[in-house]
Amino acid sequence: MLRRDASRSYQEFNGGEDCAAGPLESYENNDVSEVENDEASCDPLPDEDAVDSNLMPIGFNKACLKNVFTVILVLIYLLLTTVAVFLAYQTISDFMEKFNHPVMSVSYKEVEEFTAPGIALYPGKAQLLSCMHHYHDNIPPLVASGRLEKSNCITDEVIYYGPYSNQTQKRAVVVRGPTDVRNRELIFLQFSRNETEEDFSAISYMFFATFSDMQKSSDKAAFMTDCERNYSMWTFSGGFRTWVKMSLVKTSGRGNESVEFRQESSVVKYIDKRPPQEQANELFFVVFQWRDPFIQQVKDIVTANPWNTIAILCGVFMALFKAAEFAKLSIKWMIKIRKRHLRARIRELDQMS
């Protein structure tokens, strides 16, 4: 009995130890798991500086790219501004060049008849033998060459002093020129001279715009002096028939107008059939005729268009204004971004400290 009770008590004791050990082991196991959990929970947290160092390059790169892009835009607009300024300068230079050097425009005006020009001849010691109007290029044969014949021309004689030498007195025989160009009107003049003190045998002549202007002038000598100063002189030689074909050129521009005569001449030798004793007197023959029924009109045309130039300049100045405004806004934006970046950096440093 005693042994059975002892074994039972021993079993109960062992059972009590097991029961006691069970909670103890479970408690110890719980403590170990909690310690392990605490150790697991106490693993090192990620460093804030590391996070900041990972995030900062991204923000810094974005800000840097934005600044670089803005600088590139500003440089592009500065380049465009330079091009615009050069374009404005070139436009103004081209306008002034075209304004100061107009282009000549040539046109032809057809007329039924011309205003009678004045033909001033300077025969010197030669004598006017005849002056006749003929038509259709028909000049009748000479009947009494070297002798004074009848004339049907309107002439006037003017004595004056030359414009380049006040001591040289000139005698001009002024003839009213042909007008009927449709019927090919011409004037045939014949001069004779028996002696000369000059080295060359020739008679000078000059055209001026209107014969009636000379007749209406109160001072014909001053009028002829001005004509000689403004018009060209030509000559024809003795012993020949000189056929002169005239053309009229009117030039206008810059508020002034001028008249110029141009000529084409052909020369034919005169066959002298007079007796030898009369051949000592040299004969001069000249024919004046209009070449064609056209007046050449030369005008100075300014090809520079002021409105086109003004439009270009307005566009250039508008582009300059827009470029300046954009550059101003870009600079303000750069300053704003820079200030924002500095504030963020200062705030990060304060949090770290």
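Predicted model: local features only at pLDDT ≥ 70, side-chain atom pairs only at ≥ 80, totals over all residues.

Cys153 is buried, because its relative accessible area of 15% falls under the 20% cut-off.

Show the sulfur atoms of the pair. How far apart are the sulfur atoms of Cys131 and Cys153? They lie 2.1 Å apart, and the two residues form a disulfide.

Next, check the torsion about the S-S bond. Is the disulfide of Cys131 and Cys153 left-handed or right-handed? The torsion is about -90°, so the disulfide is left-handed.

Two further cysteines are worth a click. Is Cys227 buried or exposed? Cys227 has a relative accessible area of 6%, which means it is buried. Move on to Cys314. Cys314 is partly exposed, because its relative accessible area of 46% lies between the 20% and 50% cut-offs.

Go back to the loop between strand S3 (127–134) and strand S4 (155–161), and select Asp137 there. Color by accessibility here. Asp137 has a relative accessible area of 33%, so it counts as partly exposed.

Follow the chain to Arg184. Where is Arg184? Look in the loop between strand S5 (169–176) and strand S6 (186–193). Arg184 also has a positive phi, about 55°, and Arg184 is not a glycine either. With a relative accessible area of 32%, Arg184 is partly exposed.

For the last stop, turn to helix H5, which covers residues 306–352. Select Arg347, which is found in this helix. Then extend the selection to Lys336, Lys339, Arg340 and Arg343. What do these residues form together with Arg347? The five side chains named here, Lys336, Lys339, Arg340, Arg343 and Arg347, gather in a patch of positive charge on the surface. Switch to a surface view colored by charge to see the patch.

Conventions: Residues numbered from 1 in each chain as written. Heavy atoms only, no water. Helix = DSSP H or I, 4+ residues; strand = E, 2+ residues; numbered from the N terminus. Buried < 20%, exposed > 50% of the residue type's maximum accessible area, 1.4 Å probe, protein only. Patch = residues over 30% accessible without salt bridge, like charges linked within 9 Å, V, L, I, M, F, W, Y side chains within 5 Å. Areas by Shrake-Rupley, 256 points an atom, 1.4 Å probe, with all protein chains shown as cover. Salt bridge = Lys/Arg side-chain N within 4 Å of Asp/Glu carboxyl O. Lys, Arg positive; Asp, Glu negative; His and termini not counted. Charge placed at Lys NZ, Arg CZ, Asp CG, Glu CD. Disulfide = S-S within 2.5 Å.
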